[in-house]
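Let's take a walk through this structure together. Have a look at it below, and then we will begin with one of its turns.

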Amino acid sequence: MRIQQYLYRTGFALALMAGTSSVAWASAQDALSNFVKNRGFAEGQFSQVVISPTGAVKQRGTGEFSFSRPGKFRWEIKKPYPLLLLSNGTVVVSFDEDMGHATQKPIGNAIDSTPVALLFGSKDVDKLFNLKDEGSKDGKQWLVVKPKDKDNLFDFARIGWKDGLPVNLEIHDALGQVTQLELTNWRFDKQLPASYFEFKAPAGVDLIRTQ
C-alpha cells in the first residue's frame, strides 16, 4: 500500500493540530502560523467520520495522536480496526495489525505535499498550500487549505479553529467524499522520547522497505 494512500485512509493527512491559547487570533491563518512556529510537541485524541458523496456514513473511527517536531509523529486508529502510521523523522512506517503487514518508506516527499506538513513539517506552509480565511461560523474561525500539488489525494480541506485550536477538520476529495475529524484532549505537558516514534515489528510481522 502506498504511503499516500495510507495517509488518506487513516485520515492522518487531516490531522492539523495547534496548541491551546487564550489569544483571540486575528485570523485562522494567524492561528496556524503561531502553531507551526511555536508548538514543538503534543498529544491528543481524535474521532473521524467518512461520508460518501451521497451523504451516507461509510465509517466511524477513534484513535490517538502525538508528534514531536521536526517530523516525528504517531497517528493510531484504535477503532474500528487498528492501524498505525509512524515516523521517526527519517522514514514513515504504516502498520496494519489485522493484516500483519508493515511497510517503510523514506519520509521525503511522502508527506511534504499533504496537510501532514502543516502539522509536522519544517517548511513554509505557503509554499505547499494555498490558504484562505473563510471567516467565522458557529463560534469558530475557518481556514480553507488547498494543495499546490495537483496530484494530491485530496482536493481541499476546511479547518475550524477555536481559541487557537483546530477543533474541527474536513477533508474533501475530488470524488466528493468527505472525512470529518474532531480533535480533542490536547496535552502539552511532556515531550515523548525519540524511541516512542521508532517502529518495532511484532513477532511474525515482516517490515517491507520501499523507496
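Strands here are DSSP runs of E with at least two residues, numbered from the N terminus. Before going further, please note that this is a predicted model: local features need pLDDT of at least 70, side-chain atom pairs count only at pLDDT 80 or more, and totals for chains, interfaces and linings use all residues. Residues are numbered from 1 along each chain as its sequence is written, and side-chain values use heavy atoms, with hydrogens and water left out.

Strand β6 covers residues 101-106 and runs antiparallel to β5, joined to it by six bridges; two strands count as paired if DSSP finds at least two bridges between them. Along this pairing, Val91 has Pro106 as its bridge partner, and Asp96 stands opposite His101.

Leu85 and Ser94 are bridge partners here. These two strands also form a hairpin, with two residues between them, and Gly89 in the turn has a positive phi of about 100°.

How is β5 itself placed? Six of the six residues of this strand (residues 91-96) are buried, so it is largely enclosed by the rest of the structure; buried means under 20% relative accessible area with a 1.4 Å probe, protein chains only. In a regular strand, side chains alternate between the two faces of the sheet. Both faces of β5 are covered: Val91, Val93 and Phe95 are buried on one side, as are Val92, Ser94 and Asp96 on the other.

Follow β6 onward and you reach strand β12 (residues 206-209), which runs parallel to β6 and is joined to it by four bridges. Thr103 has Ile208 as its bridge partner in β12.

Finally, how far can you trust the picture? The mean pLDDT (the predictor's confidence in each residue, from 0 to 100) of the protein chain is 81, and 80% of its residues reach 70 or more. Over residues 1-23, however, the pLDDT is below 50. Where pLDDT is low, the predicted coordinates should not be read in detail.

Note on methods. Contact means heavy atoms within 4.5 Å. Buried means under 20% relative accessible area, exposed over 50%, partly exposed in between (1.4 Å probe, protein chains only).
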